[in-house]
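This report describes one protein chain for a reader who is new to structural analysis. Please keep the sequence and the model in view while reading.

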Amino acid sequence: MQKSKKIAVIAVCAALVLAIAGGVLVFAATPRHAVDFDHLTQQDIRNLYRQRNSSNRQTNIPRRLSTLMGLVENDTILHNGTQARAAEEASGRQFIVQQFLLTDHETHAQLHATDFDIQRSMLVHALTKLALVNNLQEVWFIVEFADLPEDNTIAQYLALQSGEYIGQGAYSIRFCADQASRVIGRDIRTVTDSLDSFTTFMHDIVAIDFAQLQSRQHPQIRPEARR
């Protein structure tokens with residue numbers, strides 16, 4: 001084999017090794033499950049902090065952050081799709097994330113008034129995203145209901161629909177950056193200035209008692225329709 005051919009083969013092999021090594025590192029660094037916000041570790045907080053994004057070109061939640069955040073749902077409330085859209089009357093390239101939740105009729109009627117556990121989960125998720133994604137303006141949780149057949153759970157019913165199901169009676173629970181800043185007592189856009197600042201922020205928001213929030217700190221709740 002000529003010397004030039006040997007050099008070419010070596011170069012190709014080296015490139016393949018580097019590509020494989022890079023792929024392994026990317027796979028190892030990619031989160032594969034959500035953090036537990038009720039039992040946050042310092043490593044969880046570091047992993048979240050690494051996903052901070054200040055790009056004005058960003059039009060959605062980064063995939064790794066979505067994985068780390070997980071879903072807002074429980075036995076009677078299920079995630080039923082996510083949409084992102086440009087913010088109305090906003091300066092710059094800001095956007096809104098809409099997360100659809102499906103539940104039964106009774107839970108739908110009571111959720112916004114009495115279920116503070118699920119609203120607290122919404123608060124933690126929304127404030128974390130608002131802090132980490134610079135041009136995210138609002139996070140909406142749009143709650144809908146389905147008339148369930150007797151003895152069916154919401155999970156069983158949604159499975160029978162073969163995926164996303166458009167429910168009835170939608171209302172949105174909206175968390176915006178300004179309201180988030182009122183909740184934590186400082187500008188939410190500054191909490192990612194350092195890992196220490198973000199760590200304090202995360203410990204503060206997971207300790208919030210939603211039922212004790214002042215009215216000025218509450219999210220907006222409005223009738224809603226899918227677009």
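## Terms and origin of the model

A charge is said to sit over a ring if NZ of Lys or CZ of Arg is within 6 Å of the ring centre and within 35 degrees of the ring normal.

The model is predicted, so local features need pLDDT of at least 70 and side-chain atom pairs count only at pLDDT 80 or more, while totals for chains, interfaces and linings use all residues. Residues are numbered from 1 along each chain as its sequence is written, and side-chain values use heavy atoms, with hydrogens and water left out.

## Overall architecture

The chain contains 8 helices and 5 strands; helices (H or I, at least four residues) and strands (E, at least two) are DSSP runs, numbered from the N terminus. In order from the N terminus, the elements are α-α-α-β-β-α-α-β-α-β-α-α-β.

Of the 227 residues, 41% are buried. Here, buried means under 20% relative accessible area, exposed means over 50%, and partly exposed lies in between, with a 1.4 Å probe and protein chains only. The accessible surface of the chain is about 12600 Å², and carbon and sulfur atoms hold 52% of it; such areas come from the Shrake-Rupley method with a 1.4 Å probe, and for residues only the protein chains shown count as cover. Among contacts (heavy atoms within 4.5 Å) with a separation of 6 or more, 74% are between residues 24 or more positions apart.

## The nonpolar cores

In soluble globular proteins, nonpolar side chains tend to be buried together. A nonpolar core is a set of buried Ala, Val, Leu, Ile, Met, Phe, Trp, Tyr and Cys residues joined through side-chain atoms within 4.5 Å. The largest such core has 47 residues, and Leu48, Leu127, Ile188 and Phe201 have the most contacts inside it. The elements that each supply at least two residues include α2 (42-49), α5 (116-132), β3 (136-146), β4 (168-176), α7 (177-184) and α8 (195-206). With 9 residues, α5 gives the most to this core.

Which residues does Leu127 touch, leaving aside its neighbours within four places in sequence? Leu127 is in contact with Phe175, Ala180, Val183, Ile184, Ile188, Phe201 and Ile205. A second, separate core has 7 residues, among them Leu102, Ala146, Tyr157 and Tyr165.

Helix α7 is mostly covered, with 6 of its 8 residues buried. These are Ala177, Gln179, Ala180, Ser181, Val183 and Ile184, and the buried residues of α7 pack against α5, β3, β4 and α8. Just after α7, Gly185 has a positive phi of about 80 degrees.

Gln51 lies in the loop between α2 and α3. Its relative accessibility is 14%, and therefore Gln51 counts as buried. Beyond its neighbours within four places in sequence, Gln51 is in contact with Pro62, Arg64, Leu65, Leu68 and Leu132.

## Aromatic rings and charges

A pair of aromatic rings is described by the distance of the centres and the angle of the planes. Rings of Phe, Tyr and Trp (its six-membered ring) pair if their centres lie within 6.5 Å; planes under 30 degrees apart count as stacked, over 60 as edge-to-face and the rest as tilted. The structure holds 5 aromatic pairs. The rings of Tyr49 and Phe198 have centres 5.7 Å apart and planes at 40 degrees, so this pair is tilted. Tyr49 in helix α2 and Phe198 in helix α8 are 149 residues apart, and their pair thus links distant parts of the chain. Tyr157 and Tyr165 form an edge-to-face pair, with 5.3 Å from centre to centre and 85 degrees between the planes; both of these tyrosines are buried.

Tyr49, Phe198 and Phe201 form one aromatic cluster. The charged end of Arg52 sits over the ring of Tyr49, 3.9 Å from its centre. Likewise, the charged end of Arg174 sits over the ring of Trp140, 3.6 Å from its centre.

## Strand pairing

Two strands pair if DSSP finds at least two bridges between them. Strands β3 and β4 run antiparallel and are joined by 7 bridges, and Val143 stands opposite Tyr171 in β4. Strand β4 also pairs with β5 (residues 220-223) in the antiparallel sense, over 4 bridges. Arg174 stands opposite Gln220 in β5.
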